[in-house]
Amino acid sequence: MTFHATVLTLYPEMFPGPLGISLAGRARDEGKWALDAVQIRDFAIDKHRTVDDTPAGGGAGMVLRVDVLAKAIDHARTLNPEAPILAMTPRGKPLTQARVRELAAGPGVIVLCGRFEGFDERIFEGRAVEEVSVGDIVLSGGEPAAIMLLDACIRLLPGVMGAPSSGTEESFENGLLEYPHYTRPTEWEGRTIPEVLRSGDHAKIAAWRKSQSEIDTRLRRPDLWERHSDARDQPASGARQKKKD
């Protein structure tokens with residue numbers, strides 16, 4: 001099954017962009033995934049091909065029209081009826097590696113890229129659209145976020161990465177940040193590779209990497225560490241263990 005990505009955008013010329021080179025580009029050339037970049041403006045209902053209008057209630061900027069968006073989404077569904085529809089917006093649920101794995105295991109995605117002040121809210125009520133955010137930042141449009149989403153999915157497709165373990169020993173795969181990496185030269189400006197990594201003792205190396213992963217997560221991402229600790233302490237029954245006095 002080929003992973004099929006349909007991107008709904010006002011700037012289809014932005015695709016494939018970075019997705020046309022390196023691992024993603026090679027995988028596309030090999031038929032492991034396919035891409036359609038669809039111009040939202042093609043579904044405008046007036047001769048001026050209008051896609052936006054002023055906000056109801058007043059305010060700055062423009063809002064993408066729900067009737068135009070619905071037509072674009074309905075068209076995308078004909079290309080890939082089983083694909084989930086995601087809208088890239090800072091108001092969405094934060095994207096996680098777990099969600100990326102779910103998407104990569106499916107038939108593909110339909111990605112709706114916003115512009116201006118965003119989407120008419122009724123599109124989320126009238127169509128099954130999942131709102132997704134790639135971070136607590138505001139971009140000029142949803143296209144860069146869509147590229148991030150697709151890159152995260154494509155690298156997990158079968159045969160895209162060289163070593164199978166490359167996709168599992170990564171930050172966020174086990175709820176933690178990845179351990180630090182080193183390579184030659186052994187010494188650089190007085191700084192040496194940790195001795196344990198040069199020991200050849202695979203058990204000690206694995207233990208060191210696990211420890212470093214936990215330390216870095218606790219210090220750099222206390223939010224991740226808290227979730228990881230909660231999950232680790234969760235009993236098999238699914239009920240949270242009571243904290244000991």
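Biologist: Where does pLDDT stay under 50?
Modeller: Over residues 237–245, for which the model has 6 contacts beyond four places in sequence. pLDDT is the predictor's confidence in each residue, from 0 to 100, and contact means heavy atoms within 4.5 Å. This is a predicted model, in which local features need pLDDT of at least 70, side-chain atom pairs count only at pLDDT 80 or more, and totals for chains, interfaces and linings use all residues. Residues are numbered from 1 along each chain as its sequence is written, and side-chain values use heavy atoms, leaving out hydrogens and water.

Biologist: And what does the protein chain average?
Modeller: The average pLDDT is 91, and 91% of the residues score at least 70.

Biologist: Turning to helix 1, which residues are buried?
Modeller: Ala24, Gly25 and Ala27 are buried there (under 20% relative accessible area with a 1.4 Å probe, protein chains only; exposed is over 50%, partly exposed in between). Helices are DSSP runs of H or I with at least four residues, strands are E runs of at least two, and both are numbered from the N terminus.

Biologist: What do they pack against?
Modeller: Strand 2 and helix 5. On the other side of helix 1, Ser22 and Asp29 are exposed.
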